[in-house]
Structures are given as C-alpha cells and as structure tokens.
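The exercises below are meant to be worked with the sequence and the structure side by side. Please try each task before you read its solution.

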Amino acid sequence: MTESFHRSGEYENPYEGQQQAPVNPEWPPPPAHAPAAPQPKKRNRGPVALIAAVAIVAAAIGGGTAYGIQELTGNDTVASSSTSTNVVPSSQKGTVAGVAKAVSPSIVEINADSNAGSSTGSGVIITSAGEIVTNNHVISGASRIKVTTSDGTSYTAKVVGTDSKKDLALIKLENASGLKAATLGDSSGVQVGDQVVAIGSPEGLSGTVTSGIISALDRDVTVPTDEDQGQQQYQQGDGWPFEFGGRQFNGDTGSDTTTYKALQTDASLNPGNSGGALIDMNGNIIGINSAMYSPTGSASSSSDAGSVGLGFAIPINTVKADLAKLRAGATD
C-alpha cells in the first residue's frame, strides 16, 4: 500500500527497529504466445502480494470504452476523454516539469484519523466542487478526514462512496468551489515503455513529483482489504509500521484480500503516494497509485523500506467504470 500509517505518540521514527521477513518476489509470467513447436511445461505462479502505497486494494480493470463527460452533482462535471488530451501547454509538452505544473493543482494530501491512529495518503480532484478519488485504504474507518490542496488550503471531507474490492473511494470537500479538476485519460491506450509522472504525498511530503515509465500491463496484484484486523497495536521492534502474515505493510491489512489488474511503473512510489495520480506526458490521469513492492531481508537500514522501482496503479478506466457506483453512495 502507499499510505503512511502511524499511531499518535506511539513512536517517532517509523523506520526504527524495522524487521523484514523474506518475500518471494516472483511475478506472474507474461501472456503466453502460441509456440511454433511444443514447449516445456511451465510452473504456474500466483499473484504477487504487495504493500500498499498508503493503502491498496483494487480489482479487475473496468471497461475500456469512452467515458465522455459525465455529470456528478449539479452542474459539476468530470473532464474525461477517450483519447489523449493536451493538458500541458505546447511549449512544455512532453516534459516532466510541464506535467507537474499543469497537474499538481489537482492533487491533494489526505489525512484520515480513526480509533486506530492516523494515515496520510493522496487524492485526485475530479470536479471543481471538490469531488476527489482516492484509495479506499486511505480513508477506511476514518472518523475525520482532512484534505489539503496544493496551495495549502485545508478542507474537511466526507465519504461519498467506497468500493473495497477495487480499493477505490470517492470523497467530497465541504464548502469548496473553483478547484482545478484533473483530466481523466484512457488507460486502454497505455503501452509498455510510455513515460509517466507520479504526484502524491509520500511520508507527508505533499506535491512530490517522480517520473518513470510503464513497466508492464495487467499485472496481478493481491492485497488485504480488511482494515479491522490490520489495525493492531504497534510495538517497538515490530515491522514498519507493522507486519501481517510474515509480510510488511504500510497500511491497513487483514485476512481478506482482493486481486486486481494493475499498471506497473518504475516511477518511485512510497508510503503516502496511495490515492495519488499516475499521469501521461500530456497531463492526463491514467492511473491511481495504490501499491508498491518492497523486498525484505535481515538488514535494518531504513533504505530497505523505500521504493525499488516496482510500483502499481489502478487503471483509470477501472475508476471511470466505478464512478457511478461510488457517486450513488456504495459502501462495499
């Protein structure tokens, strides 16, 4: 998961006393192609278990059809296109700086408080009135949600709808207007090797920009969905911030899991990036960052807990296919 989770007053350094348990980093094999001659039988590999980049969960990719411009509430609309729209000014087209400047105002930091503690994640503004898409694990179980925009303005937010099986949530800012909404792109057109930019709040460092490429498509990702069992008390010397089932997680974990098809990227994702944006070089949102893979070992160095270039995002077409359900107040 990509959210940063901690309990107030229980520890100061989330990396202190980190213990990491071995994780088998095997990935599912690439799609098979019809062989010209009989090939040796290969061993089947299961989906990879990952840590949430704040919180992660998500399910099968939604339909790849054009979403168009859809009304959400009142006259507010979601800017969306089935083709790549040039959000970045032509003078900065194709540059990381241009993407960052154009899209950063649409990315927010989310702080969620619950009985178990607090978590920090990210979100994407999709309407000017303050509707925001994020990961369900970022806000799951929260009694209070505070959202800070790129200009430092703070708002209180309410949950509109959730879908734990897709690790998606829709929240709405209170008394907000005139915000800059992001343009939702079309993830069906994404190709391996495409350049991308990620924006979020890793470790609470709001507005952090990283870049990379799309490393793989349709990568199976399996993550926990039950926040109640994962919110166990942190003890000094436990995994960072805690361990579950022999693996380390950055967000809520539990016995229930879900599997989804993800975009894989080598753009750096760290705890707190969950719910943030994965963006193409024209400034269109093509994914919601949700998970990261972190190798484990015996070393206690805090550097072992960071990004190793294996990040995962929920395709934006999955998000668009789920918006009507979220907008209707689903609580799955």
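**Exercise 1. The end of a helix**

Which residue with a positive phi follows α4? Find that residue, and then check the length and the covered side of the helix.

Solution. The model is a predicted one, and the steps here are read from its coordinates. Step one is to go to the end of α4, where the helix is followed by G329, whose phi is positive, near 90°. Step three is to list the residues of α4 that are buried, which are I316, N317, T318, V319, K320, D322, L323 and L326.

**Exercise 2. Salt bridges**

How many salt bridges does a search of the whole structure find?

Solution. The search of the whole structure finds 5 salt bridges. As background, side chains of opposite charge can pair when their charged atoms come close.

- Step one takes D113, which forms a salt bridge with R144, with the closest N and O atoms 3.2 Å apart. This pair links distant parts of the chain, since D113 belongs to strand β6 (residues 107–114) and R144 to strand β9 (residues 144–148), 31 residues apart. With a relative accessibility of 28%, D113 is partly exposed, and R144 is also partly exposed, at 44%.
- Step two takes D322, whose salt bridge with K166 has its closest N and O atoms 3.6 Å apart. Here too distant parts of the chain are linked, as D322 is in helix α4 (residues 316–327) while K166 is in the loop between β10 (154–163) and β11 (168–173), 156 residues apart. Both D322 and K166 are buried.
- Step three takes D332, which meets K325 in a salt bridge at 2.6 Å, N to O. D332 is partly exposed, with a relative accessible area of 47%, and K325 is partly exposed at 33%.

**Exercise 3. A covered strand and its partners**

Which strands pair with β20, and in what sense do they run?

Solution. Begin with strand β17 (residues 257–265), which pairs with β20 in the antiparallel sense over 3 bridges. Within this pairing, the bridge partner of T265 is G311. Next consider strand β19 (residues 284–292), which is joined to β20 by 5 bridges and also runs antiparallel to it. On this side M292 stands opposite G311. Finally, look at the cover: strand β20 (residues 311–315) is mostly covered, with 5 of its 5 residues buried.

**Exercise 4. The nonpolar cores**

How many residues make up the largest nonpolar core, and which of them have the most contacts inside it? Then find a second core.

Solution. The largest nonpolar core has 33 residues, and those with the most contacts inside it are V103, V124, I126, I285 and I288. The largest share of this core, 4 residues, comes from α4. To see one of these residues in its setting, follow V124, which touches, among others, I107, I132, V133, A182, I285 and I288. A second, separate core of 15 residues includes V108, I145, Y155 and L173.

Methods: Residues are numbered from 1 along each chain as its sequence is written. This is a predicted model: local features need pLDDT of at least 70, side-chain atom pairs count only at pLDDT 80 or more; totals for chains, interfaces and linings use all residues. Side-chain values use heavy atoms; hydrogens and water are left out. Buried means under 20% relative accessible area, exposed over 50%, partly exposed in between (1.4 Å probe, protein chains only). Helices (H or I, at least four residues) and strands (E, at least two) are DSSP runs, numbered from the N terminus. Two strands pair if DSSP finds at least two bridges between them. A salt bridge is a side-chain nitrogen of Lys or Arg within 4 Å of a carboxyl oxygen of Asp or Glu. A nonpolar core is a set of buried Ala, Val, Leu, Ile, Met, Phe, Trp, Tyr and Cys residues joined through side-chain atoms within 4.5 Å. Contact means heavy atoms within 4.5 Å. Lists of a residue's contacts leave out its neighbours within four places in sequence.
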